[in-house]
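Welcome! Let's take a friendly walk through one protein model, stopping at a few spots along the way.

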Amino acid sequence: MATTHLEYSNEADIALAFRASQMTFKSGYTRPTAFRRHQLEQLWQLVDDNVDQLCEAMYHDLRKPRFESEAMELLMLKQEINDALLRLDEWVKDEKTKPSLANRFGTVCLKRKEPKGTVLIIGAWNYPVSLAFAPLVGVIAAGCTAVIKPSELAPSTAKVISELLPRYLDNNAFHVINGGAHETTKLLAQKWDHIFYTGNGAVARIVMKAAAKHLTSLTLELGGKNPVVIDENTNMTVAAKRVVFGKMMNAGQTCVAPDYVLITAKAEAKFIAALKEALLTMFGENPQSSEDFGRIVNDRHFKRLHKMLTEGKSRDIVIGGQSDESDLYVAPTVIANVERDDILMQDEVFGPLLPLVRVVDVDDAIEFINSMDDPLALYVFSSNKKLIKKVLDSTRSGGVLVNDTVMHVGERTLPFGGIGPSGMGNYRGEFSFLAFTHIRSTMIKDMNPVSEAAMSLRYAPYNSTKIML
Ligand code: NAD
């Protein structure tokens with residue numbers, strides 16, 4: 001879909017961006033909270049002044065509906081910045097702790113919140129503005145500098161980001177580098193203080209290897225197959241609407257999109273009827289002509305989804321199933337009777353195909369979830385507290401949401417991140433600040449004679465009665 005020509009940065013640009021960011025950080029220029037505050041305000045302004053340009057770029061890259069761009073990317077980002085501005089003074093404050101007995105006398109213990117340093121942010125294409133700028137909010141709040149590498153697979157957005165950022169943010173502290181694997185490899189060779197990567201697990205392994213060379217800390221925001229457990233007694237109408245919402249936004253290209261549904265044979269027909277109704281209401285008879293339904297990012301991903309749709313074992317396409325390569329369109333599709341070893345169940349779907357897998361009961365659902373990699377998100381629809389607790393207690397995932405989908409990502413009081421193959425570390429709200437902050441253990445002793453006397457037991461000559469004390 002995207003035809004924008006994105007000019008890639010060259011080696012000299014990469015070296016310069018890294019050096020400038022590193023030197024700026026080392027000079028202490030980004031540490032004062034007044035600087036951080038101003039940069040956060042500038043980032044807010046960048047977004048606010050350029051809503052049309054950013055939405056148009058995302059439409060061009062992904063045919064992302066304007067509402068989705070504004071609500072899921074720009075509004076969330078502005079709220080994130082507002083929150084950081086509101087809470088910055090509280091976040092940066094040293095925290096006093098009460099010393100334990102061995103240090104009780106003449107001692108102050110502090111947790112100092114210090115910026116980690118120079119950060120590399122590597123973004124992905126599916127939420128191209130948010131995945132470049134949401135981590136940047138944390139970087140700025142923490143007092144770090146950064147080089148951002150937006151995804152080349154959303155070239156219009158990458159181009160706009162690289163044009164706008166230097167106009168609003170400090171040019172010594174924050175830089176944008178454009179490019180693909182080659183340019184990212186060059187970036188990864190530098191000695192960063194932290195790397196924040198969003199994308200797939202295969203590249204995450206490359207990033208981790210590069211980070212290992214310099215023992216650089218990492219945040220990895222990855223994906224996975226997010227299960228939805230549907231209790232047969234749940235309200236199917238509401239459950240279906242909420243599953244369709246999370247699955248079909250951005251044409252299913254969302255890291256926390258419901259990947260597949262686990263449901264009993266008894267409840268399946270009712271759920272399918274409710275899904276049909278929800279899809280019809282949201283996208284009409286022909287979703288291809290709906291302005292509210294996006295497109296697949298490129299031909300490679302279209303072909304991947306087409307293969308999943310056509311090369312599976314015997315299963316029933318109960319809703320949708322159409323596709324149009326010339327328009328990179330894949331219809332919202334529900335596939336029932338999907339076997340557990342079907343092609344749809346191998347990798348993250350990352351498109352508008354929703355497989356329904358039959359389970360005998362909740363124990364069977366739990367067993368299946370636990371046979372797969374730990375997902376980024378897990379969804380349960382039920383009003384049965386015991387069942388909910390059982391699922392939560394016996395599974396693992398980055399996050400879990402009961403009776404809805406996706407909404408937990410925007411909740412700034414909760415950390416967002418994966419576990420194991422779905423990621424490492426987290427961010428959003430204060431957790432973004434913490435992702436780029438080193439909590440420096442700080443102990444300050446006085447030289448008071450009373451403290452000295454109280455602490456003198458530790459000096460040689462040792463004797464065992466001292467330990468008894
Ligand atoms: P992508 O293709 O845009 O790649 C991500 C980044 O990696 C890009 O900036 C790209 O230039 C870089 N890259 C690609 N190949 C590289 C290589 N060989 N060496 C170094 N860098 C390289 O995005 P993607 O990986 O297709 O993203 C989709 C995946 O990301 C899905 O699995 C999705 O679930 C996950 N995701 C996770 C989150 C989250 O917050 N957890 C958000 C969005 C997407």
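## The residues around Glu 221

Glu 221 touches Tyr 197, Thr 198, Gly 417, Gly 418 and Gly 423, leaving aside residues up to four places away in sequence. Here, two residues are in contact if their C-beta atoms, placed from the backbone, lie within 7 Å. Glu 221 sits in strand β7, residues 217–221. Helices (H or I, at least four residues) and strands (E, at least two) are DSSP runs, numbered from the N terminus.

Before going on, please note that this is a predicted model: local features need pLDDT of at least 70, side-chain atom pairs count only at pLDDT 80 or more, and totals for chains, interfaces and linings use all residues. Residues are numbered from 1 along each chain as its sequence is written.

## The listed active site

For "active site", an unreviewed UniProt entry lists Glu 221 and Cys 255. They span 35 residues in sequence, yet no two of their C-alpha atoms are more than 9.0 Å apart, so they gather at one spot. UniProt positions follow the numbering used here, feature names are shortened, and annotations may be inferred rather than shown by experiment.

Is Cys 255 buried or exposed? Cys 255 is buried, because 27 other C-beta atoms lie within 10 Å. The cut-offs are 20 or more other C-beta atoms within 10 Å of a residue's own for buried, 12 or fewer for exposed, and partly exposed in between, with C-beta atoms placed from the backbone. Glu 221 counts as buried too, with 27 C-beta neighbours inside 10 Å. Cys 255 lies in the loop between α9 (236–248) and β9 (260–263), and its contacts are Gly 223 and Leu 376, not counting residues up to four places away in sequence.

## The nonpolar core

A nonpolar core is a set of buried Ala, Val, Leu, Ile, Met, Phe, Trp, Tyr and Cys residues joined through C-beta atoms within 7 Å. The largest one has 130 residues, of which Leu 136, Val 137 and Val 261 touch the most other members. Helix α5 (residues 130–142) gives the largest share of this core, 10 residues.

Val 261 touches residues including Val 228, Ile 230 and Leu 354, not counting those up to four places away in sequence. In soluble globular proteins, nonpolar side chains tend to be buried together.

## The listed domain

The unreviewed UniProt entry lists residues 5–441 for "domain: Aldehyde dehydrogenase". This span is 44% helix and 18% strand, and its end C-alpha atoms lie 48 Å apart.
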